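Reader: Please take me through the helix and domain contacts of this model. I will ask what each label rests on.

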Amino acid sequence: MTDAPAPSAKRYATASDYVNLMKPRIMMLVVFTAAAGLIAASSATQTPIHPLMAVIALFAVALGSGAAGAINMWYDSDIDAIMTRTATRPIPSGAVPREEAIAMGLIMSGVSVMLMWLASNWLAAALLAFSIFYYGVIYTMWLKRSTPQNIVIGGGAGAFPPVIGWAAVTGNTPLDAWILFAIIFFWTPPHFWALSLLAHGEYEKAGVPMLPVTHGAKATRLQMLIYTILLVPLALAPVATGLGGWIYAVTAAVLGAVFLSYAVRVFMSKAGDNDCTGAEKKLARSMFLFSILYLFVVFAALILEHATGLFFAVKGF
Amino acid sequence: MTDSKKPYEGEFIPAAHLTPEAVAARKKRNIWLGLALLGFVVLVAATTMIRLSKADLSEGAGFYYSNSGGTARDDERMPIDDQPALPPGMTQEQAAPPPGIAPEGAPE
């Protein structure tokens with residue numbers, strides 16, 4: 001007698017399994033931040049872009065993000081099967097074979113880079129190719145299983161989209177584009193560690209050296225606070241360079257203050273410790289959810305100012 | 001004595017017998033794949049048309065797409081109607097043809 005499932009129990013892949021392989025929620029954030037970079041670049045540099053070309057460029061970013069997600073799921077299918085949170089993903093659940101996932105990831109990588117080149121320029125295409133490589137190879141295959149700083153360095157992959165969006169319009173990447181990169185880069189650690197405080201047992205079981213696993217919850221809470229303290233003034237840098245106006249300034253300042261208050265409260269709590277209370281767990285989860293809202297709203301403010309003409313420069317900088 | 005082995009036995013991999021559910025799932029995947037390929041073709045066609053509509057295909061022009069609506073070499077090209085530059089020190093009056101003589105090709 002074998003443990004193989006009966007033929008009737010076999011699950012056949014549906015289109016939604018292939019969509020899930022592309023990590024659609026991450027893709028949404030990636031496309032949104034790329035759109036912010038694209039719209040801000042077009043408005044700030046007075047460089048028009050054909051609307052259809054802009055849509056195709058953003059579609060290429062979405063495809064590239066999906067390709068990186070598929071490569072990540074292909075490589076991580078062994079640890080995904082161990083962790084409860086990820087065990088239902090298309091590969092560990094048996095819906096999609098591993099070889100199909102990697103084939104899909106590689107084909108979509110090529111298609112996305114080619115489309116980006118056709119719709120914009122070689123620099124945007126090269127940045128997109130590098131960001132896929134960064135996430136699929138540098139983060140997934142190298143950093144994730146080898147260092148507790150995995151998501152700090154690996155966060156660079158998720159920070160590229162606004163730079164790609166900017167390059168798609170202007171063909172270059174000035175300081176403003178890299179400020180948007182830095183905002184996402186410094187946002188990633190407090191965002192991700194808030195989640196890993198809750199799931200560090202799972203990471204430990206899978207052998208992934210997340211910071212709460214290797215250095216404990218207290219050190220993680222301190223690191224989260226430090227990165228949030230760095231993020232809040234950094235998010236106001238676009239105001240200093242003239243990229244952000246009053247709407248952006250007020251939004252970034254208010255949301256930054258709330259984000260900082262979350263980081264302080266989590267730091268003073270025992271979230272992630274073995275003896276933490278339900279309320280403290282809830283606090284860490286609230287910080288994780290708020291961090292998503294923070295990034296969405298801050299970039300939405302930038303889009304609002306540059307897409308609708310509601311840009312009121314902040315004098316005095 | 002006859003050989004009990006059936007002809008071609010073991011030489012071919014037996015055809016897979018898929019269940020109706022598997023066939024239906026495969027058909028759905030194939031439709032999505034077909035639509036994805038069609039979408040790719042449409043996107044490449046669209047970018048090509050936009051590039052061609054923006055490109056200057058006249059002699060000497062570059063076939064480089066520019067978001068600004070022209071070609072990357074617009075600033076380097078001289079409009080056809082422009083007069084050639086005068087030698088240093090020569091004024092427009094000195095360069096003009098003598099009175100009563102029309103420039104070559106001018107209407108009578």
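Author: In helix 6 of chain A, S131(A), Y134(A), Y135(A), Y139(A) and L143(A) meet N150(A), I153(A), G154(A), G156(A) and A157(A) of helix 7 of chain A. This is a predicted model: local features need pLDDT of at least 70, side-chain atom pairs count only at pLDDT 80 or more, and totals for chains, interfaces and linings use all residues. Residues are numbered from 1 along each chain as its sequence is written, and chains are lettered from A and ligands numbered from 1 in the order in which they are written.

Reader: What makes two residues count as meeting?

Author: Their C-beta atoms, placed from the backbone, lie within 7 Å. The helices are DSSP runs (H or I, at least four residues), numbered from the N terminus.

Reader: Why are helix 6 and helix 7 of chain A called roughly antiparallel?

Author: Their angle is about 165 degrees, with the axes 8 Å apart. Axes are lines fitted to C-alpha atoms over the stretch in contact, and angles run from 0 to 180 degrees between N-to-C directions. Angles over 145 degrees count as roughly antiparallel. Helix 6 and helix 7 of chain A are therefore roughly antiparallel.

Reader: What is the angle between helix 9 and helix 11 of chain A?

Author: Helix 9 (residues 175-206) and helix 11 (residues 216-234) of chain A pack at about 150 degrees, with axes 9 Å apart. That makes helix 9 of chain A roughly antiparallel to helix 11 of chain A. Their contact has 15 nonpolar, three polar and no charged residues. Among the residues of helix 9 of chain A that take part are F186(A), W187(A) and W193(A).

Reader: How do you know where one domain of chain A ends?

Author: The bounds come from an automatic or database domain assignment. Domain 1 of chain A is 15-173, and domain 2 is 174-317. Their centres, taken over C-alpha atoms, are 21 Å apart. The contact takes 31 residues from domain 1 and 29 residues from domain 2 of chain A.

Reader: Which helix gives the most to the side of domain 1 of chain A that touches domain 2?

Author: Helix 2 of chain A does, with ten residues.

Methods:
Helix = DSSP H or I, 4+ residues; strand = E, 2+ residues; numbered from the N terminus. Parallel < 35°, antiparallel > 145°, perpendicular 65-115°, else oblique. Nonpolar A, V, L, I, M, F, W, Y, C, P; charged D, E, K, R; others polar.
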